[in-house]
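Subject: The structure I promised you

Hi,

Here is the structure I said I would pass on. Have a look at it first, and then read my notes below.

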Amino acid sequence: MYKFNLKKVVISATAVTALSAGAAAAQEACSNYTVADGDTMATIAIAAYGTSNYQPIFNANRNIITNPNALAPGLVLSLPCEDGSLPNGQSAQELIAAEEKRAASVKRSNVYAPPIKLVAGNGWEPFTTESLSGGGIMTRLATTSLQRAGNSRDFSVSFVDDWTSHLETLLPLGAFDISIAWTVPDCTNHTYEWSAATESRCNEFVASVPVYDIVGGFFTLPESEYSQATAFEDLKGATLCRMDGWSMVVLEEVGLNSDNLTLVHPSSARECLDAVLTGSADVAAFEVDLFAATMKDMGLTSEDIVENPYVSTLSSMSFLAHRTNPFAREYIAMVNKGLNEMRESGEWYAIISDTLREQNEKLNAASN
C-alpha cells in the first residue's frame, strides 16, 4: 500500500472559526438551528462561525438540502462543531478510528490482485494535495472506499500535477486506473450544446457515484449590476473570470458559455478577485470555500467583494476510469460499494470534517 510522504507546508484555505462576538445565540456552532424566513446559507454561516463560507454546513446537511439558494423555513440544520463533529455525536476522529478498527477485523482474501493505481494532483486544497494527511479529502475518500464494504484491494497513489494529462493521456494509455476527482455533467441533459469536455466525460469514462457536491458562487463588486442578479440569464453579457483549467461544464449546464460571456482565465483565485477589483472582470465564479479563503488571504471584506445571494451552482465530483480499461467497471463498482457504506456509517462526513480540521490547524499555526 502506498505511503504518503507529506510535505510540511502551510496551505491557505477556509477555516471553520469560532462564533463571532456579535452572532445570534440561536445560530451557534455545534448546535441544531431551525431556518427562519429570510435566512440564507451565508447569513447562517456568518452568525455561527464568523465567515460566509457555508460549504461545511452544506456538507453536514447534504441529505436534506437540495438547493442551497432556497432554504425552506422550518428546516432543521446541524451546525458542525469547531472540530467538524456534529452536535451530540462522535467526533470525526473517534468515528474514523472505530471504522478502521472494524475494517481491520474483517477477514481478508489471500488471493493476489494487483494494486489499483490512483492518480491525483496537487494545488487543489483541501481536496487533493500532498500537504494534508492521506492526500486531502478526495484522496482519503477514494483510498478508504477500497477498504470498505468487503473490498480489500491494495492501491497506489501518485500525484501528477498536470491535470489535463489525467484524462487525455494517463487513463487512456492505462498508466493509471482511476483519477481523483472530476466534475461530471448530467449526461441525460441534452437541453444545451455539449462542449468537447462534456462529450468526453459522458462518452469516454466510467464515473463513480457522486463523491462530493461543491457549491460554486458568483462574486462581484458590491455596487455591480450583477451583484443582485436573480437568475443565470441576468449574468449573460458579463466578463466572467474562471481559473485556467477549471471545468466550464457546471456553467454550461445553466446556459453560461463563451457565446454569451467574455471569459478571462488566469491561473489563481487571487487573480480572479484582482480582476474584479480592477474592473477587468465583472464576475468571478468558483467555489465558495475557496472564495472565503482567498478573501481572508487578501485581507478583503464584504465591503470590497460580495457573493451574489441568489445564484449558485452545484457540481458533483466523481472518480473516473477510462472505458478502454478492461477493469474500469469493476474498480468503479468497488469504489461505489465502499462510498455507500461510508455514507451510512458516517465515515464519509468524518473524513471531510477531519481534513478540514487539520487544514484549520495549519492555517491558525501559520497566522500565529
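Apart from its neighbours within four places in sequence, R148 is in contact with E99, E100, R102, A103, G338, E341, M342 and E347. R148 sits in the loop that runs between α4 and β4 (155–159). Is R148 buried or exposed? The relative accessibility of R148 is 5%, so this residue counts as buried. Please keep in mind that this is a predicted model.

A149 is in that loop between α4 and β4 too. The phi of A149 is near 55°, which is a positive value in a residue other than glycine. As background, most residues other than glycine have a negative phi, and most peptide bonds are trans.

Now for the overall layout. The protein splits into domain 1 (31–79), domain 2 (92–211 + 318–367) and domain 3 (213–316). Between the C-alpha centres of domain 1 and domain 2 there are 27 Å.

An unreviewed UniProt entry places the feature "domain: LysM" at residues 31–79. Over residues 31–79 the chain is 31% helix and 16% strand, with the end C-alpha atoms 5 Å apart. Helix α1 (residues 41–49) is mostly covered, with 7 of its 9 residues buried. Those buried residues of α1 are M41, A42, I44, A45, A47, A48 and Y49. What lies over them? The cover for the buried residues of α1 includes β1 (31–34), α2 (55–60) and β2 (76–79). Just after α1 comes G50, which takes a positive phi of about 80°. C30 is in the segment before β1, and the phi of C30 is positive as well, near 65°, in a residue other than glycine. With a relative accessible area of 40%, C30 is partly exposed.

Next, back to α4 and its partner. Helix α4 (residues 137–145) packs on helix α10 (residues 328–345) at an angle of about 105°, and their axes are 8 Å apart. The two helices, α4 and α10, are therefore roughly perpendicular to each other. On the α4 side the contact is made by L141, T144 and S145, and on the α10 side by M334, V335, G338, L339 and M342. By class, the residues in the contact of α4 with α10 are 5 nonpolar, 3 polar and no charged. G338 and M342 also turn up among the contacts of R148.

Helix α4 also holds R140. R140 counts as buried, at 13% relative accessibility. Leaving aside neighbours within four places in sequence, the contacts of R140 are I96, S133, G134, I351, D354 and T355. In the loop between β3 (116–120) and α4 you will find P126. E125 and P126 are joined by a cis peptide bond, with omega about 5°.

There is another cis bond to look at. The peptide bond from I180 to A181 is cis, with omega near -10°, and A181 lies in strand β5. W182 belongs to strand β5 (residues 178–183) too. W182 is buried, with a relative accessible area of 11%. Again leaving aside neighbours within four places in sequence, W182 is in contact with W163, H166, L167, R201, S316, M317, S318 and L320. W182 and S247 are 65 residues apart along the chain, and their C-alpha atoms are separated by 8.6 Å.

Last, the pair α8 and α9. Helix α8 (residues 269–278) and helix α9 (residues 288–298) pack at about 75°, with 10 Å between their axes. That makes α8 and α9 roughly perpendicular to each other. A269, R270, L273, D274 and L277 of α8 meet L290, F291, T294, M295, D297 and M298 of α9. This contact of α8 with α9 has 7 nonpolar, 1 polar and 3 charged residues.

Why is α9 largely enclosed by the rest of the structure? Because 8 of the 11 residues of α9 are buried. They are V288, D289, F291, A292, A293, T294, M295 and M298. What covers the buried residues of α9 includes α2, β7 (212–220), α8, β10 (283–287) and β11 (306–307). After α9 comes G299, with a positive phi near 75°.

Cheers

Methods: Residues are numbered from 1 along each chain as its sequence is written. This is a predicted model: local features need pLDDT of at least 70, side-chain atom pairs count only at pLDDT 80 or more; totals for chains, interfaces and linings use all residues. Side-chain values use heavy atoms; hydrogens and water are left out. Domain bounds come from an automatic or database domain assignment. Axes are lines fitted to C-alpha atoms, for helices over the stretch in contact, and angles run from 0 to 180 degrees between N-to-C directions. Helices (H or I, at least four residues) and strands (E, at least two) are DSSP runs, numbered from the N terminus. Angles under 35 degrees count as roughly parallel, over 145 as roughly antiparallel, 65 to 115 as roughly perpendicular and the rest as oblique. Contact means heavy atoms within 4.5 Å. Ala, Val, Leu, Ile, Met, Phe, Trp, Tyr, Cys and Pro count as nonpolar, Asp, Glu, Lys and Arg as charged, and the others, Gly among them, as polar. Buried means under 20% relative accessible area, exposed over 50%, partly exposed in between (1.4 Å probe, protein chains only). UniProt positions are given in the numbering used here, feature names are shortened, and annotations may be inferred rather than shown by experiment.
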